[in-house]
Every structure is written in structure tokens, then in C-alpha cells.
Amino acid sequence: RLPTKIRSYKGLNRWVLRWLIVFFTAVTAVLIPNFSALIALIGALGSATLSLTLPALFHLKGCILDQSLEQRPRFWKAIAAKDGAIIAIGVFGMVTGTAKAIIDIINGN
């Protein structure tokens with residue numbers, strides 16, 4: 001008998017979707033011999049973008065680009081330079097991490 005939470009149609013859909021995601025993840029992990037390199041590739045693309053590049057872009061847009069010259073903060077050039085440096089570091093990390101992961105996938109490491 002199914003638990004009370006998944007007796008409804010909506011709850012059953014969620015339950016089935018969760019099990020399908022787990023099942024396909026397990027099948028992928030078994031069928032791909034170098035699954036860790038694939039996960040490293042996904043991590044290199046996603047983590048640098050989400051943790052460094054996008055927040056700095058949002059900050060730059062919200063604090064500097066959407067404001068008129070009179071409304072910008074006093075040290076807006078320093079803020080823009082800081083955000084630009086963070087974006088550059090994020091892009092550098094993403095590119096180098098992605099290149100390393102692709103090399104590992106090709107070499108089978």
C-alpha cells in the first residue's frame with residue numbers, strides 16, 4: 001500500500017518522477033565507465049558560473065548599469081572593477097576546469 005502522501009494523483013506523479021530520476025542516474029552511472037569525469041565536466045561548467053560569474057553580473061547590472069550617473073554609488077568604478085575581476089576569475093575557472101574535464105574524458109582518466 002502506498003503512503004498517504006502519494007495517494008493523490010499529484011503526489012503519485014512526484015513519487016514516480018523522483019524514482020525515474022534516481023533510476024536514470026543509476027543507469028547512467030553504471031553504463032558510463034568514467035562517470036566521475038562527466039560529473040567533473042558538469043561541475044566545472046555549472047559551479048563557476050553559479051557561484052562567481054552570475055552573482056557578479058547581477059551585482060554589476062543592479063548597482064551600476066541600471067543607474068544613471070547621478071544615482072550610481074560614489075566608488076562605482078571600483079565596484080565595476082571588482083565585479084569585472086570576479087567575472088574574469090569565474091570565466092577562467094570555468095574554462096580551465098572544463099578543459100581539464102574534457103581532457104580526462106578523452107584520456108579515460
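Reply: A residue counts as buried when its relative accessible area is under 20%, as exposed when that area is over 50%, and as partly exposed in between. The model itself is predicted.

Me: What percentage of the residues of the chain count as buried?

Reply: Buried here means under 20% relative accessible area. Taken over the 109 residues of the chain, the share that counts as buried is 17%.

Me: Which element has the highest mean pLDDT?

Reply: For the chain taken as a whole, the mean pLDDT is 84, and 89% of the residues reach 70 or more. Among the elements, helix 1 (residues 9-31) has the lowest mean, at 83, and the highest belongs to helix 3.

Me: What pattern does the chain follow along the sequence?

Reply: The chain contains three helices and zero strands. Read along the sequence, the pattern is therefore written with helix symbols throughout, since helices and strands are taken as DSSP runs, and it reads α-α-α.

Me: Are helix 2 and helix 3 roughly parallel or roughly antiparallel to each other?

Reply: The axes of helix 2 (residues 35-65) and helix 3 (residues 76-107) come within 8 Å and cross at roughly 170°. Angles over 145 degrees fall in one class, and helix 2 and helix 3 are therefore roughly antiparallel.

Me: How many nonpolar residues does the contact of helix 2 with helix 3 have?

Reply: Sorted by class, the contact of helix 2 with helix 3 includes three charged and seven polar residues. The nonpolar residues in this contact number 23.

Me: Does Leu50 count as buried or exposed?

Reply: Leu50 is part of helix 2, and its C-alpha atom is separated by 9.1 Å from that of Gly90, 40 residues apart along the chain. The cut-off for this class is over 50%, so at 62% relative accessibility Leu50 counts as exposed.

Me: What separates the C-alpha atoms of Gly43 and Gly97, in Å?

Reply: Gly43 is also found in helix 2, where a relative accessibility of 29% makes it partly exposed. Gly43 and Gly97 are 54 residues apart along the chain, and the separation of their C-alpha atoms is 8.5 Å.

Me: Which geometry does the aromatic pair of Phe23 and Phe24 have?

Reply: The structure holds one aromatic pair, and Phe23, one of its members, is partly exposed with a relative accessible area of 49%. The ring centres of Phe23 and Phe24 are 5.5 Å apart, with 65° between the planes. Planes over 60 degrees apart decide the class, so the pair is edge-to-face.

Notes. Residues are numbered from 1 along each chain as its sequence is written. This is a predicted model: local features need pLDDT of at least 70, side-chain atom pairs count only at pLDDT 80 or more; totals for chains, interfaces and linings use all residues. Side-chain values use heavy atoms; hydrogens and water are left out. Axes are lines fitted to C-alpha atoms, for helices over the stretch in contact, and angles run from 0 to 180 degrees between N-to-C directions. Helices (H or I, at least four residues) and strands (E, at least two) are DSSP runs, numbered from the N terminus. Angles under 35 degrees count as roughly parallel, over 145 as roughly antiparallel, 65 to 115 as roughly perpendicular and the rest as oblique. Ala, Val, Leu, Ile, Met, Phe, Trp, Tyr, Cys and Pro count as nonpolar, Asp, Glu, Lys and Arg as charged, and the others, Gly among them, as polar. Rings of Phe, Tyr and Trp (its six-membered ring) pair if their centres lie within 6.5 Å; planes under 30 degrees apart count as stacked, over 60 as edge-to-face and the rest as tilted. Buried means under 20% relative accessible area, exposed over 50%, partly exposed in between (1.4 Å probe, protein chains only). pLDDT is the predictor's confidence in each residue, from 0 to 100.
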